[in-house]
Amino acid sequence: MLLDRSGRRYPLDEPRWRGDDGSPLLVEPLPGITRGEVDPAVRSQWRYAAALPLPLEPVTLGEGLTPLLPHRVDDVDLGLKLEWFSPTASFKDRGSSVMLSVLRAQGVPAILEDSSGNGGSSVAAYAAAAGIAATILVPESTSPAKIRQSRAHGATVDLVPGSRQATADEAVRRSAGVFYASHNWHPFFLQGTKLLAYEIWEDLGFAAPDAVVLPCGAGSLVLGCHLGFGELLVAGAIDRRPRLLVAQPRRCSPLVAAFEAGSAAVAPAAWPRTIAEGTAIAQPVRDREVLAAVRASGGTMVAVPEEEIGPATLELARRGLYAEPTSAQVVPAVRAFRDRGALHPGERVVAVLTGSGLKAADAVAELLQAGSTEQAVP
């Protein structure tokens, strides 16, 4: 069953993206799976299909099984989970695969999605694979590469003036006429992102890390890890939750502000533009759940200064890792968490790089140009 915030229950097979009370939906708590229920013959995240709440015929493009690369940030050893190895070059494919599998099974013929880029291009790809028509709303400031990708998959892409929040508001308005398959609202998107936790568990020899460092906008990655590791704990497959250490860009850090204030929800506020466009969400739909998840894990949050995000992007690139700025903010976040004592020597730490620098080519070009200009100044 699905649950809204008021506790009302809804059938799993009903096409629905929010509760009657207007709140986001979650799948009722599940028992999780153990090592013996992983299907090693399946070379995608669908090897963990037994952890999903209902059987599905997958809409899959081979998502999952991304590398976990040993890496060092100053004196911190960690594993980088390279999610740009996903079919559309971002972690969003995990959620899109499961969500579109459900919508195809429910007979939904056409969908609407809103996105700052990666979510839209991912939903467009999986809608194409499912034979479902897709319309994607994006802020007019979205990276052109992400817009082109969505259109190449056959989706209709409409540019919305104003902020990322304005795009989300427009999508809700249009949802009266077409099913809203939002990666931020739809409960089965989280059922896909939770499989990242199962994969990290398997990557580490069926063990939990001590901490996971994550970039966060709306929080689907945070909630996915919360759900996945929580299920593994219930199943007895791990003996503790990893701490969720969450980064947002300081220029758009509503969840960090709420966390540091001890609040249960985000306060409305205006935020300036950030280079980390994928995390520029001023009013996250699942703010209460994200804040509760970080606190339940014993984790914490940090707002990354804008002037540290660009250099981190180039720092990774000059070590062979071409991450978009949204992802690269985890590097200064690791340093901040270490300095705060949230990371400890000898711990097993995983940091997630969510998307490829190829998805933000214009932003990277600006960083390179700025670097060249600085070097030319005597």
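1. A quick word on terms before we look around: buried means under 20% relative accessible area, exposed means over 50%, and partly exposed is what falls in between, with a 1.4 Å probe and protein chains only. Helices (H or I, at least four residues) and strands (E, at least two) are DSSP runs numbered from the N terminus. This is a predicted model, where local features need pLDDT of at least 70 and side-chain atom pairs count only at pLDDT 80 or more, while totals for chains, interfaces and linings use all residues. Residues are numbered from 1 along each chain as its sequence is written, and side-chain values use heavy atoms, with hydrogens and water left out.

2. Let's start with helix H9, residues 287-296. Its buried residues are Asp287, Glu289, Val290, Leu291, Ala293 and Val294. The cover over them includes strand S3 (26-27), helix H7, strand S11 (243-249), helix H8 (254-261) and strand S12 (300-304), where contact means heavy atoms within 4.5 Å. Just after H9, Gly298 has a positive phi of about 75 degrees.

3. Asp287 deserves a look of its own. This residue lies in H9 and is buried, at a relative accessible area of 6%. Leaving aside residues up to four places away in sequence, Asp287 touches Arg5, Leu255, Ala264, Ala265 and Val266.

4. Next, how H9 meets H7 (residues 220-234): their axes come within 9 Å and cross at roughly 50 degrees. Axes here are lines fitted to C-alpha atoms, for helices over the stretch in contact, and angles run from 0 to 180 degrees between N-to-C directions. Angles under 35 degrees count as roughly parallel, over 145 as roughly antiparallel, 65 to 115 as roughly perpendicular and the rest as oblique. H7 and H9 are therefore oblique to each other. Their crossing is left-handed, a label used if the near helix is turned anticlockwise from the far one by less than a right angle, with right-handed for clockwise. On the H7 side the contact is made by Val222, Leu223 and His226, and on the H9 side by Glu289, Val290, Ala293, Val294 and Ala296. That contact divides into 6 nonpolar residues, 1 polar and 1 charged. For these classes, Ala, Val, Leu, Ile, Met, Phe, Trp, Tyr, Cys and Pro count as nonpolar, Asp, Glu, Lys and Arg as charged, and the others, Gly among them, as polar.

5. Compare that with helix H2 (residues 118-130) and helix H3 (residues 144-152), which pack at about 15 degrees with their axes 8 Å apart. That makes H2 roughly parallel to H3. The crossing is left-handed here too. Asn118, Gly120, Ser121 and Ala124 of H2 meet Lys146, Gln149 and Ser150 of H3. By class, this contact has 1 nonpolar, 5 polar and 1 charged residues.

6. 7 of its 7 residues are buried, so S11 is largely enclosed by the rest of the structure. Both faces are covered, with Arg243, Leu245, Ala247 and Pro249 buried on one side and Leu244, Val246 and Gln248 buried on the other. Strand S10 (residues 211-215) pairs with S11 in the parallel sense over 5 bridges; two strands pair if DSSP finds at least two bridges between them. Within this pairing, Val212 stands opposite Leu244 of S11.

7. There is also an open sheet of 3 strands in the order S2-S1-S3, with antiparallel pairing. Strand S2 (9-10) and S3 are the edge strands, each pairing on one side only. Strand S1 (residues 2-3) joins S3 over 2 bridges in the antiparallel sense, and the bridge partner of Leu2 in S3 is Val27.

8. Leu195 lies in helix H6 (residues 195-203) and counts as buried at 0% relative accessibility. Tyr322 sits in the loop between helix H10 (306-317) and helix H11 (325-328). Tyr322 is partly exposed, with a relative accessible area of 31%. Its contacts, again not counting residues up to four places away, are Trp84, Ala317, Gly355, Ser356, Gly357, Leu358 and Val364.
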